[in-house]
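Dear colleague,

Please find below the structure that I am handing over to you.

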Amino acid sequence: MSLLEISDLHVHYRRRTGRLHALRGVDLSIGAGETVGVIGETGSGKSTLARAVLGLLPVSRGRIVIDGEDVTRFNQRQWRSFRRRGVVQYVFQDPLRSLDPDLTIEESLTEPLRLQGRRDSPNHLLERVRLDESLLTRLPAELSGGQRQRVAVARALAAEPRLILLDEPVSALDSANRVRVLELLKELRDAGTALLFISHDLGSVAGIADRIAVLHQGELVEDGPTRQVVTEPRHDYTKLLISSVPTLRKVVPA
Amino acid sequence: MSILELENVRIRNDADGRELVHGVSFALQPGGVVGIVGESGSGKTLTCRAALGILPEHFVVSDGRIRLDGQDVAGLTRRQWTALRGTTISAVFQDPASYLNPSLTVGSQIAEVIRVKRGAKRRAARERAIELLAAVRLRDPAVVYGQYPHELSGGMLQRSLIAAAIAAEPRVLIADEATTALDVTVQAEILDLLADLRRDTGLALVVVSHDLAVVAQLCERVLVMRAGEVVEQGRVEQVLHQPRHEYTRLLIEEHEAYGLERYLVAS
């Protein structure tokens with residue numbers, strides 16, 4: 001069974017100028033342990049997709065099922081209790097948004113452990129993201145961007161989620177930190193955690209995603225194994241996207 | 001003769017005495033293209049600003065020499081700098097919207113450059129501005145002329161700024177992270193546009209980016225900067241295939257391990 005099953009998902013926004021159809025019939029499923037990269041540019045609907053999966057906006061039509069639970073019509077209270085189960089965790093582009101600025105790293109990491117009814121110290125979480133325990137007493141503002149993002153991943157790991165939704169997790173980082181976070185995500189993938197990696201940058205997703213899905217103007221125009229999407233794109237937009245990504249090699253069209 | 005030449009340029013913040021750029025040298029031939037790769041804090045933007053004579057307050061070129069079209073810029077007055085900017089050296093930066101006045105039409109701001117820098121009459125300036133908007137491949141240039149910045153997409157704004165930057169026919173254009181904020185498909189179009197301008201008009205380019213692949217695509221020679229230091233410099237093929245510095249290897253490794261490269265045929 002799929003961990004995440006999105007079927008015929010439509011999201012409309014009401015605007016003064018009329019209705020904006022942000023997602024049009026998106027079908028996407030992620031199996032246990034699978035890593036799927038969703039690529040989209042400005043206006044593609046990728047942020048809307050992330051927000052819908054997080055229960056942050058009303059779905060106009062279609063269904064979202066997470067770990068067998070239909071969350072499409074959940075109210076806020078149901079979402080809260082569902083989130084507490086910790087099946088899905090989230091990591092955003094800016095870790096300052098997911099870490100409380102007034103809590104030390106230790107407090108930030110202890111909280112989700114307690115929610116799971118665990119009494120142990122968060123040291124093992126820091127170890128998994130290869131950060132030194134000396135950081136435990138610091139505040140988020142006292143860490144570098146790369147360290148903060150790794151703490152955000154550590155926090156997501158506390159609940160031992162089966163699926164992590166990552167929204168542009170490396171876009172704000174410099175090269176060295178980007179590589180470190182991507183390495184970390186690769187380890188999670190290899191350890192069997194499913195990842196939904198949403199990004200505008202195919203270049204940062206291709207190396208770890210088993211599958212690539214391409215969103216264009218609210219529609220999923222391509223969905224396939226990474227190698228196939230990169231070397232034999234079917235949709236015209238995917239072809240344009242692949243040929244636009246700057247690479248260190250000349251792109252040889254298939 | 002080089003159109004732009006930097007010789008061991010060092011840049012210091014006089015407010016605290018710290019040196020932020022520790023010696024940059026390169027020579028750009030007319031119609032040539034050089035790339036600078038580096039992350040924030042590497043000194044790449046300060047280096048560009050020194051070449052444009054627009055270092056922030058308290059920042060000075062503390063050592064070395066910058067020659068623009070053969071002329072040492074050290075002794076230039078404000079007025080002389082103003083005369084050179086636009087006509088000899090020009091630039092586009094990351095966030096196009098912040099370089100345009102939101103309350104004036106895009107076209108009128110380009111026409112203004114042509115009137116001031118080229119002494120053109122109002123009508124001729126307007127015609128030339130529309131030609132330039134066509135030259136940067138904006139569809140319906142006459143329509144874009146009359147539009148306000150908020151009516152244009154990021155890619156259209158950056159094209160308009162390139163039109164303004166080349167309006168006074170400079171010989172060097174610095175593109176400092178000019179495509180970073182754009183979608184990758186739009187970035188590819190802008191990079192193509194810069195390459196075509198170079199080929200068709202002999203405009204020399206300095207392409208600055210945090211992404212080695214962007215620079216590799218356009219440039220013949222590349223400088224890799226980190227923390228104010230040029231850690232590696234040479235022909236693009238050499239830097240890509242025989243990187244000597246650990247940092248350059250990291251930049252390449254990132255692409256090889258996580259980018260599309262692993263799926264593509266080696267060139």
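Predicted model: local features only at pLDDT ≥ 70, side-chain atom pairs only at ≥ 80, totals over all residues.

Domains of chain A

Where they meet, 13 residues of domain 1 of chain A contact 13 residues of domain 2 of chain A. On the domain 1 side, H7(A) provides the largest share, with 4 residues. By class, that side of domain 1 consists of 7 nonpolar, 2 polar and 4 charged residues.

Helix H7 of chain A (residues 175-190) also packs against helix H6 of chain A (residues 145-157): their axes come within 9 Å and cross at roughly 15°. An angle under 35 degrees counts as roughly parallel, and H6(A) and H7(A) are therefore roughly parallel to each other. The crossing of H6(A) with H7(A) is right-handed. From H6(A), the residues in contact are A:Gly145, A:Gly146, A:Gln149, A:Arg150 and A:Val153, while H7(A) contributes A:Asn177, A:Arg180, A:Val181 and A:Leu184. Sorted by class, this helix contact comprises 3 nonpolar, 4 polar and 2 charged residues.

Strand E1 of chain A

A:Leu4 lies in strand E1 of chain A, which spans residues 2-15. A residue with 20 or more other C-beta atoms within 10 Å counts as buried; A:Leu4 has 24 such atoms and is therefore buried. Leaving out residues up to four places away in sequence, A:Leu4 touches A:Ser29, A:Ile30, A:Ile66, A:Leu163 and A:Leu196. A:Leu4 also lies 8.0 Å from A:Gly68, C-alpha to C-alpha, although 64 residues separate the two in sequence.

A:Asp8 is found in strand E1 of chain A as well. Is A:Asp8 buried or exposed? A:Asp8 counts as exposed, because it has 12 C-beta neighbours inside 10 Å and the limit for exposed is 12 or fewer. The backbone of A:Asp8 has a phi near 45°, a positive value in a residue other than glycine. For context, most residues other than glycine have a negative phi.

B:Glu39 has contacts in both chains: apart from neighbours within four places in sequence, B:Glu39 is in contact with A:Asp174, A:Ser175 and B:His210. B:Glu39 sits in the loop between strand E3 (33-37) and H1 of chain B. With 18 C-beta neighbours inside 10 Å, B:Glu39 counts as partly exposed. B:Glu39 and B:Asp211 are 8.5 Å apart in space, C-alpha to C-alpha, and 172 residues apart in sequence.

Within chain B

Helix H1 of chain B (residues 44-52) is mostly covered, with 7 of its 9 residues buried. The buried residues of H1(B) are B:Lys44, B:Leu46, B:Thr47, B:Cys48, B:Ala50, B:Ala51 and B:Leu52. Just after H1(B), B:Gly53 has a positive phi of about 70°.

Helix H3 of chain B (residues 106-118) and helix H4 of chain B (residues 122-135) have axes that come within 8 Å and cross at roughly 115°. This crossing of H3(B) and H4(B) is right-handed. H3(B) makes the contact through B:Gly107, B:Ile110, B:Ala111, B:Ile114 and B:Arg115, and H4(B) through B:Arg122, B:Ala125, B:Arg126, B:Arg128, B:Ala129, B:Leu132 and B:Leu133. By class, the contact has 7 nonpolar, 1 polar and 4 charged residues.

Finally, B:Asn8 lies in strand E1 of chain B (residues 4-13). B:Asn8 has a phi near 45°, a positive value in a residue other than glycine. B:Asn8 is exposed, with 11 other C-beta atoms within 10 Å.

With kind regards

Note on methods
Residues numbered from 1 in each chain as written. Chains lettered and ligands numbered in written order. Axes fitted to C-alpha atoms, helices over the stretch in contact; angles between N-to-C directions. Helix = DSSP H or I, 4+ residues; strand = E, 2+ residues; numbered from the N terminus. Parallel < 35°, antiparallel > 145°, perpendicular 65-115°, else oblique. Left-handed = near helix turned anticlockwise from the far one by under 90°. Contact = placed C-beta atoms within 7 Å. Nonpolar A, V, L, I, M, F, W, Y, C, P; charged D, E, K, R; others polar.
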